[in-house]
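Welcome! Take a moment to turn the model around on your screen before reading on. The notes below walk through it topic by topic.

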Amino acid sequence: MLLQSTPAVRQFLGLEATSTYEAAKVVILPIPYEATTTFRKGCEKGPDALLEASDQLEAYDEELKRETCIEVGIYTHSAIADTRQNPNISADEMLAVTTETVSRFIADNKFVIAVGGEHAITTGVVRAYQQAIDEPFTVVQIDAHGDMRHEYEGSLHNHACVMRRVLEMGLPTLSVGIRSICQEEALLIEEKQIPVVWARDITNNPNWIEDAIAQISTPKVFITIDVDGIDPSLIPGVGTPEPGGLDWYSITKFMRRVFETHQVIGCDIMELAPIADSVVSEYTTAKLLYKLIGYQALTQGWF
Ligand SMILES: N=C(N)NCCCCNCCCN
Ligand SMILES: [Mn+2]
Ligand SMILES: [Mn+2]
């Protein structure tokens with residue numbers, strides 16, 4: 001059922017595809033939380049910028065040959081842990097409300113896509129899935145950075161530590177697009193043999209997608225996308241841009257293959273920090289989010 005009245009919360013794709021929460025298969029959860037970003041700030045503005053840009057997306061997906069949003073109800077929830085409203089939200093408060101909110105959506109059998117905000121949020125999202133699912137799942141990370149530091153700038157929940165917290169949950173991981181790590185992370189990756197697809201190897205290996213897929217050790221997968229994993233020439237609006245990132249068709253082809261070969265239980269898209277007078281970062285990120293919904297619909301028989 002499409003809502004007739006204008007919803008109080010800006011909806012992904014605008015009014016073209018608004019669904020009620022009850023009718024929606026997909027719930028988008030804006031989490032404009034920013035507390036530990038280093039270098040360039042602004043990712044607390046990411047969710048709103050993405051939603052505004054999404055108005056300009058075509059409902060029709062020329063790859064899937066479907067109007068995904070018409071066939072798959074998409075509901076955008078109100079923002080949580082909004083540091084624009086309350087800069088003093090603690091990491092523990094953000095994690096608690098994130099886990100509680102995502103848990104509610106999981107219990108309602110929704111496919112959740114959380115939109116940050118800084119990458120530290122992902123700890124709260126993954127906790128919700130680990131509490132809901134009694135089997136291990138692989139956290140597939142798209143990122144320029146390892147984010148495997150034990151702590152950074154005095155916090156265990158710095159955005160540079162999120163994948164260390166995930167590893168501590170005992171979950172298998174696969175990190176893709178990595179091209180910036182510290183010595184501590186290099187030693188950890190070597191010692192624990194953590195699966196990493198290095199950005200530089202992607203350019204040298206035409207079979208990199210299937211080789212990466214082969215490293216996923218569980219049927220279920222959670223995908224966390226730090227948009228700085230994509231090249232800054234495509235998404236310059238990030239906190240710490242690193243050259244040599246994934247291009248559009250690399251990320252979308254990889255995502256489609258992950259959806260085709262594994263059960264994706266949920267996703268998040270983090271670290272979009274829009275640039276004034278430019279829409280390319282938020283538009284590209286919005287389009288990537290829509291592609292994820294399309295691949296889930298395609299592989300789950302929602303079409
Ligand atoms: N977005 C991220 N995950 N960034 C990682 C933290 C930045 C580390 N800079 C280290 C600078 C040392 N001079
Ligand atoms: Mn990053
Ligand atoms: Mn990250």
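How many residues does the largest nonpolar core have, and which of them have the most contacts inside it? This is a predicted model, and in it the largest nonpolar core has 54 residues. Phe12, Ile225 and Phe254 are the ones with the most contacts inside that core. As background, nonpolar side chains tend to be buried together in soluble globular proteins.

**The nonpolar cores**

- Leaving out residues up to four places away in sequence, Phe12 touches Ile28, Leu50, Leu51, Ser54, Leu57, Ile74, Thr76, Ala286, Leu289, Tyr290 and Ile293.
- There is also a second, separate core of 41 residues, and Ala120, Ile121, Val162 and Trp198 are among them.

**Around ligand 1**

- Which residues surround ligand 1? They are Thr38, His145, Asp147, Arg149, Tyr152, His159, Ala160 and Thr240.
- The protein covers 62% of the 400 Å² of accessible area that ligand 1 has on its own.
- Sorted by class, the shell around ligand 1 holds two nonpolar, four polar and two charged residues.
- Look for Asp147 here: one of its polar side-chain atoms lies 2.6 Å from a nitrogen atom of ligand 1.

**Helix H4 and what covers it**

- Helix H4 runs over residues 122–132, and its buried residues are Thr122, Thr123, Gly124, Val125, Val126, Ala128 and Tyr129.
- What covers these buried residues includes helices H3 (91–107) and H5 (162–168).
- Strands also take part in the cover, including E5 (111–116), E6 (138–142), E9 (220–226) and E10 (263–270).
- Glu135 is found in the loop between H4 and E6, and it counts as partly exposed because its relative accessibility is 30%.
- The side chain of Glu135 makes a polar contact with the side chain of Lys220, at 3.0 Å.
- Glu135 and Leu171 are 36 residues apart in sequence, and their C-alpha atoms are 9.8 Å apart in space.

**Backbone spots to look at**

- The peptide bond from Gly116 to Gly117 is cis, with omega near 10°. You can find Gly117 in the loop between E5 and H4.
- Gln193 is not a glycine, yet it has a positive phi of about 50°. Its place is the loop between helix H6 (183–192) and strand E8 (196–198).
- Glu271 is not a glycine either, and it has a positive phi of about 75°. Glu271 sits in the loop between E10 and H10.
- Are these two residues buried or exposed? Gln193 counts as exposed because its relative accessibility is 56% and the cut-off for exposed is over 50%. Glu271 counts as buried because its relative accessibility is 3%, and buried means under 20%.

**Residues in helix H10**

- Ser281 lies in helix H10, and it counts as buried because its relative accessible area is 1%.
- Which backbone atom does the side chain of Ser281 reach? It reaches the backbone nitrogen of Gly237, at 2.8 Å.
- Setting aside neighbours within four places in sequence, Ser281 is in contact with Leu234, Ile235, Pro236, Gly237 and Leu272.
- Ala297 lies in helix H10 too, and it counts as buried because its relative accessible area is 0%.
- Ala297 touches Val72, Trp302 and Phe303, not counting residues up to four places away in sequence.
- Now find His159 and Ala297: they are 138 residues apart in sequence and 30 Å apart in space, from C-alpha to C-alpha. His159 is one of the residues surrounding ligand 1.

**A residue in helix H9**

- Ser250 lies in helix H9, which covers residues 248–261.
- Ser250 counts as buried because its relative accessible area is 16%.
- Not counting residues up to four places away in sequence, Ser250 touches Trp208 and Ile209.
- Ser250 and Thr203 are 47 residues apart along the chain, and their C-alpha atoms are separated by 10.0 Å.

Methods:
Residues are numbered from 1 along each chain as its sequence is written. Chains are lettered from A and ligands numbered from 1 in the order in which they are written. This is a predicted model: local features need pLDDT of at least 70, side-chain atom pairs count only at pLDDT 80 or more; totals for chains, interfaces and linings use all residues. Side-chain values use heavy atoms; hydrogens and water are left out. A residue is near a molecule or strand if one of its heavy atoms lies within 4 Å of it. A polar contact is a pair of N or O atoms within 3.5 Å; within protein, one must be able to donate a hydrogen and the other to accept it, and residues adjacent in sequence count only if both atoms are side-chain atoms. Accessible areas come from the Shrake-Rupley method with a 1.4 Å probe; for residues, only the protein chains shown count as cover. Ala, Val, Leu, Ile, Met, Phe, Trp, Tyr, Cys and Pro count as nonpolar, Asp, Glu, Lys and Arg as charged, and the others, Gly among them, as polar. A nonpolar core is a set of buried Ala, Val, Leu, Ile, Met, Phe, Trp, Tyr and Cys residues joined through side-chain atoms within 4.5 Å. Buried means under 20% relative accessible area, exposed over 50%, partly exposed in between (1.4 Å probe, protein chains only). Contact means heavy atoms within 4.5 Å. Helices (H or I, at least four residues) and strands (E, at least two) are DSSP runs, numbered from the N terminus.
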